[in-house]
Structures are given as C-alpha cells and as structure tokens.
Amino acid sequence: MNFGALLRSRYAPCRIAIVVSFSMLPLGAVSAAGYRTPNFVVEAPTEALARKIGDAAEQYRHDLAVEWTGRPLPRWSSPCPITAQVRPGLGAGGATSFVFEKGEVFNWQMSIQGSEERVLDSVLPHEITHTIFASHFRRPLPRWADEGACTTVEHPVERARQHTLLIEFLTTGRGIAFPKMFAMREYPPDVLPLYSQGYSLARFLIERGGRHKFVAFVGAGLDSGDWARALSSHYGVSDPSSLQEVWLDWVRKGCPAPPASLAGPPARPVAGMQASATARGQSPDPLPAPPQPVPSQTAAIATPPRRSIYSLAAARSRVAGGSDPTRKPEARAERSVDSVP
Ligand SMILES: [Zn+2]
C-alpha cells in the first residue's frame, strides 16, 4: 500500500465538537467512597479506590508536569472533581472538561472508568496530562497534539495497540493528511485515526528532542499560528506535508529510534510506568534528512479490526451558547472525551 496516497485520499471535513455541558460535582458533596487531596476530589466505588486514585492523580500531576514543562503546577484554586467507575472488565476511557476564559482555566471535571489497573496506569495519566496542558497553554491545543501527547503517557500495552491501529488505518485509507490534521481544532467524524496518528507523530517528535521541546514547539505554533515555521525552527522540517513524508517513511521502516544526536533526553519512567522508549534500531535517515520518496507500493500490513480504548463515545453535541449567562463570550469550554462507546 502507498501510505502517502492513502493519507491524501482520506479527507473528512472536521466537525465542531465542543461540548459545554457540565455536570459539576459540588465540592463537599462526596459520598462515603470519597477522598480529597489538594487538587482533586475523588468519588469512587470504595474508599480504598478513591484514596488510591486521588493519591495517584496528585503524583501524576506533579511528575507529568515536571516531565512536560520542567516544573510542577501550582495548586489549583478549586480542586478537580474526579468521578471514577472501576470494575473488572469495564472498558477503559475518560473525559475531562474545563473552561478557558481570559487566560484562565477552571471548572475542571473528570470522569474515568475501566479496570483498576487500566484506570491507574493509562486513563488517569492520560486525563491528567490534558489538565497539565490546559494549565500550561491556557488555550485549546490542536487535537492531534493534545490526544497524541496524552497517549504517550499510557501503559505500553495501550500504546502498542495504538500503533497496531495506525497501521490498519494507513492501509485502509483512513489516514489523515498532515496539513488537514494540523488545522484541526476539533475531533473529526472518524476520530480513531486522529488518536493513533496523533500518538505516533507525538512519539516521533518527542524521540527527536524530548517532551520539553515538544511543548515548546506546540507553544510556538499556538503563539504564531504558523505551524510550518514552528516545525522548521524546532525540528528542521519545512512544513506539515514534508513532515508527513518523513514520518511515513519512519513508520514504514518500523519506527526506528533516532541516532543519539537527535534523540531527546531519555524519558523518565512516570509513577511506575515504563519509559516511552522501546527497543529499536538506528534510523538510517533521521530528521532533518530530506523526505524520502514514497514508494509506489508498500506491503500492506493486514491487521484484524481492533477497537481503541480511547474511542469516542457515540455522539457529541454542541450545546448552544447561553447555558451560562454569566459567562463571557470569549470563554471556551473544552472537553476531551476518551470513552468507550
Ligand atoms: Zn484524551
């Protein structure tokens, strides 16, 4: 299969998917299975689970903020309510919403679900990373960068699943062309490729400069709106189209590790998770080498259909403005939905 042609052939108009409906858990209205930490109020099936999730959330919040931005986050003015459904066999997923207004972010709300293991090792760090990015950037990120980067902190099993899905999407015409993907502010109708492609690209960039550089790159792109310039200045690639070709070539070669001269600082294991680096060979043509021509034929990689744990729940609605008459028009509600249909 020709990945490049498939990518280009699969455009879908993106649909606005801002959800501004909130079901805030009133602070203090915590059930018997509740637990409060400085930054979170957790409601979970049991006291022990609430405590475990709350402590893990604080640990992730600290460790991942340092990992991404170099410093811990200051304490939020109001804690983030977390509602957790935990039981064996429950599909893993989560949703986090918050509001941006005048450079501030607030009205946190997080819902997580899954087995205890997956909630603690994948769903929670993923959702906490959304809150770290919201607190750091104070504005919405491109969805590919947000979901992609958040997926890089999940358990290796989940990241491997995203890679499997990626190959399936690239060989079945569901890839998203990078110029389109970079312009997306919201989730596309066919959302799963955004997750797997976003994850793969975030991993590709992080392996070539580390997480701090990735955050600096996203910040530069957000500041200027000129993603080509941000790519050029941070990664030596002229624009999203060129990056697509280099990235596709890397995927086709099995995602080899970059040479040490281009690799970022080694990822520190986060709260018991494995480092993001996995055993790979050396790349013969790492960034910023010129993009290789895409062969007309690449062996198709057949994989059975699989469902991501981070697939979107069925429909997202856009609630008309005015649900909160006190909110200024520039307030923007963000919701990252990573739940299982
Ligand atoms: Zn997410």
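Biologist: Among contacts between residues at least 6 apart in sequence, what share joins residues at least 24 apart?

Modeller: In this predicted model, 74% of those contacts join residues at least 24 apart in the sequence of the protein.

Biologist: And what is the secondary structure of the protein made of?

Modeller: The secondary structure comes to 10 helices and six strands, and of the 341 residues in the protein, 43% count as buried.

Biologist: Let's take a pair of helices, then. At what angle do H2 and H3 pack?

Modeller: Helix H2, which covers residues 47-69, packs against helix H3, residues 116-137, at an angle of about 45°, and their axes are 8 Å apart. The two helices are therefore oblique to each other, and their crossing is right-handed.

Biologist: Which residues make the contact?

Modeller: On the H2 side the contact includes Leu49, Ile53, Ala56, Ala57, Tyr60, Leu64 and Trp68, while on the H3 side Val119, Leu120, Leu124, Ile128 and Ile132 are among the residues taking part.

Biologist: Switching to H5: how far apart are its end C-alpha atoms?

Modeller: The end C-alpha atoms of H5, residues 156-170, are 21 Å apart, and this agrees with the 21 Å that its 15 residues should span at 1.5 Å a residue.

Biologist: Which residues of H5 are buried?

Modeller: The buried residues of H5 are Glu158, Arg159, Arg161, Gln162, Leu165, Leu166, Phe169 and Leu170. These residues cover an arc of only 165° around the axis, so they are on the same side of H5.

Biologist: How do H5 and H7 pack?

Modeller: H5 and helix H7, residues 192-206, pack at an angle of about 115°, with their axes 9 Å apart. That angle makes H5 roughly perpendicular to H7, and H5 passes H7 in a left-handed crossing. Where they meet, H5 contributes Arg159, Gln162, His163, Leu165, Leu166 and Phe169, and the residues of H7 include Leu192, Tyr195 and Tyr199.

Biologist: What about Arg174, is it buried or exposed?

Modeller: Arg174, found in the loop between H5 and helix H6 (178-183), is buried, because it has 20 other C-beta atoms within 10 Å. The C-alpha atoms of Arg174 and Asp190 are separated by 8.0 Å, although the two residues are 16 residues apart along the chain.

Biologist: Where does Pro79 lie?

Modeller: Pro79 lies in the loop between H2 and strand S3 (80-86). Pro79 is 30 residues from Gln109 in sequence, and their C-alpha atoms are 9.2 Å apart in space.

Biologist: Last one: which residues of H10 are buried?

Modeller: In H10, Leu243, Gln244, Val246, Trp247, Leu248, Asp249, Trp250 and Val251 are buried.

Methods: Residues are numbered from 1 along each chain as its sequence is written. This is a predicted model: local features need pLDDT of at least 70, side-chain atom pairs count only at pLDDT 80 or more; totals for chains, interfaces and linings use all residues. Helices (H or I, at least four residues) and strands (E, at least two) are DSSP runs, numbered from the N terminus. The expected span of a helix is 1.5 Å times one less than its number of residues. A residue is buried if 20 or more other C-beta atoms lie within 10 Å of its own, exposed if 12 or fewer, and partly exposed in between; C-beta atoms are placed from the backbone. The arc is that of the directions from the helix axis to the C-beta atoms. Axes are lines fitted to C-alpha atoms, for helices over the stretch in contact, and angles run from 0 to 180 degrees between N-to-C directions. Angles under 35 degrees count as roughly parallel, over 145 as roughly antiparallel, 65 to 115 as roughly perpendicular and the rest as oblique. A crossing is left-handed if the near helix is turned anticlockwise from the far one by less than a right angle, and right-handed if clockwise. Two residues are in contact if their C-beta atoms, placed from the backbone, lie within 7 Å.
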